[in-house]
Amino acid sequence: MLNPYLLRHELHLVAQKLLKKGYILDIKKISSLEDCRKKLQIETENLQFKHNSLSNLLKKSKENTNEQSNLKNILIESSKNVQLLQTRLKNLKDEIYNFSMCIPNIPSDDVPEGNSPIYNKEIKYWGKKRKYNFPVQDHVAIGQKFNQLDLESASKMSGSRFVTMTGEIALLHRALSQFMLDLHTLNHGYTETYVPYLVHPQALYGTGQLPKFTNDLFHITDLDKKKYILIPTGEVPLTNLVYNKIINEHDLPIMLTAHTPCFRSEASSYGRDTKGLIRLHQFDKVELVQIVEPTKSMSALETLTHHAEKVLQLLNLPYRKILLCTGEMGFASIKTYDLEVWFPAEERYREISSCSNMHDFQARRMKARYKKKSEKKNIFVHTLNGSGLAIGRTLAAILENYQDSDGRVEIPKILQKKYMQGLKFIN
């Protein structure tokens with residue numbers, strides 16, 4: 001959530017910046033709520049002060065006197081009034097809090113302004129696109145040709161937008177996750193982490209998926225009426241590891257990675273990019289999360305994005321890096337880089353990783369702070385996350401980019417010996 005100070009003292013500036021994200025801040029409503037809070041808080045504090053004064057007067061009064069009896073009656077009535085005002089104040093603060101939880105983060109000043117992909121800024125292109133002297137097949141056709149990618153059987157079990165994999169393609173899927181984890185832990189300094197796949201709603205409020213994206217999530221209620229949500233990304237449990245914690249300054253940065261399944265109902269993207277492995281209800285991803293000091297979050301974003309890029313470079317998959325414009329950014333992000341890998345069958349780039357700096361937005365929702373010795377106070381950390389990478393989409397990109405004229409698919413060299421049991425081709 002945004003710093004409450006900004007909403008109280010720089011409201012019009014905040015509204016102006018949020019408009020770049022396509023969000024219209026209801027200035028009238030939040031000003032009215034804040035004015036009511038101020039008046040009610042002063043009224044509550046004044047009545048509490050009077051109540052405390054009467055209470056002290058009662059303690060000093062002599063026993064069994066009319067004065068004491070009158071004071072007791074006044075105190076009983078005063079106590080009721082104080083409780084009534086405190087309840088009204090709490091309800092009003094809850095209303096302001098719930099309103100604030102729906103306000104997105106403010107974009108960084110260096111993010112291009114716009115409300116569609118045409119305003120995204122291309123940062124760089126990497127890799128050489130292969131030239132084919134035969135009809136290029138998409139990853140679905142290739143997988144079905146090998147009888148190792150089965151959407152039909154998965155559909156019978158679970159409905160549309162699920163998949164089963166077998167044989168060498170299933171092995172390649174597993175190999176990619178192992179390769180990514182090894183790279184990020186051994187070369188990039190992340191700590192591998194195993195996390196729950198079911199979380200309480202509070203965890204998703206902390207990272208910003210709730211309340212805005214409730215329809216894009218899978219909700220579960222067990223027999224004891226306890227509510228859980230299947231994680232839409234490893235970002236949720238990894239970032240929540242610092243929920244309501246005060247971290248020692250010398251423990252920063254915290255760099256975590258995890259391989260998890262991800263579950264998304266994708267209600268808001270119905271009918272969009274649903275072919276093959278591109279947008280499934282269940283898919284796997286290796287996630288990268290960093291918890292850093294505020295002054296280092298922008299440089300950390302560059303580093304984290306480079307770590308995700310390294311996966312594509314080692315797999316020799318052509319990609320481009322773009323800086324998202326204000327209208328294309330996520331709810332909680334102040335700045336986001338997207339990595340898009342080349343799909344030759346469609347002759348287009350598709351997102352394979354999104355790397356974002358959330359500033360202190362998630363930390364305020366989670367009450368995640370660190371103890372800064374030089375200032376002798378606790379300060380909100382900054383959080384960052386990114387895909388390193390989405391495994392299904394990486395697999396799909398390999399099947400398409402590495403297909404041969406003889407119908408085989410070459411396995412990237414870096415995977416062959418260590419991760420693919422010596423296999424050089426899927427055929």
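Predicted model: local features only at pLDDT ≥ 70, side-chain atom pairs only at ≥ 80, totals over all residues.
Residues are numbered from 1 along each chain as its sequence is written, and side-chain values use heavy atoms, with hydrogens and water left out.

**Overall make-up**

- The protein has 13 helices and 18 strands; helices (H or I, at least four residues) and strands (E, at least two) are DSSP runs, numbered from the N terminus.
- Its C-alpha atoms fill a box of roughly 105 × 50 × 40 Å along the principal axes.
- Of the 427 residues, 49% count as buried; buried means under 20% relative accessible area, exposed over 50%, and partly exposed in between (1.4 Å probe, protein chains only).
- Among contacts with a separation of 6 or more, 72% come from residues 24 or more positions apart, where contact means heavy atoms within 4.5 Å.

**Helices**

- The axes of α7 (residues 167–187) and α10 (residues 297–314) come within 11 Å and cross at roughly 130 degrees; axes are lines fitted to C-alpha atoms, for helices over the stretch in contact, and angles run from 0 to 180 degrees between N-to-C directions.
- α7 and α10 are therefore oblique to each other.
- The crossing of α7 and α10 is right-handed; a crossing is left-handed if the near helix is turned anticlockwise from the far one by less than a right angle, and right-handed if clockwise.
- On α7 the contact is made by F179, M180, L183 and H184, and on α10 by H307, K310, V311 and L314.
- By class, this contact has five nonpolar, two polar and one charged residues (Ala, Val, Leu, Ile, Met, Phe, Trp, Tyr, Cys and Pro count as nonpolar, Asp, Glu, Lys and Arg as charged, and the others, Gly among them, as polar).
- In helix α12 (residues 391–401), eleven of the eleven residues are buried, so α12 is largely enclosed by the rest of the structure. Among these buried residues are R393 and E400.

**Annotated site**

- An unreviewed UniProt entry places the feature "binding site" at R264, S265, E266, E351, I352, S353 and S354; UniProt positions are given in the numbering used here, feature names are shortened, and annotations may be inferred rather than shown by experiment.
- R264 sits in the loop between β9 (254–263) and β10 (282–292) and is partly exposed, at 25% relative accessibility.
- Not counting residues up to four places away in sequence, R264 touches D216, F218, P232, T233, L280, H281, F283 and K285.

**Other loop residues and backbone geometry**

- E293, in the loop between β10 and α10, is buried at a relative accessible area of 13%. Leaving aside neighbours within four places in sequence, E293 contacts E249, L252, Y370 and K372.
- E347 lies in the loop between β12 (335–343) and β13 (348–357) and is exposed, at 63% relative accessible area. Phi of E347 is near 55 degrees, a positive value in a residue other than glycine.
- K367, in the loop between α11 (361–366) and β14 (369–372), has a positive phi of about 60 degrees although it is not a glycine. K367 is partly exposed, with a relative accessible area of 46%.
- A cis peptide bond joins L210 and P211, with omega about 10 degrees; P211 is in the loop between α8 (201–207) and β6 (219–221).
- A cis peptide bond also joins G388 and L389, with omega about 20 degrees; L389 is in strand β16 (residues 382–390).

How values were computed. Parallel < 35°, antiparallel > 145°, perpendicular 65-115°, else oblique.
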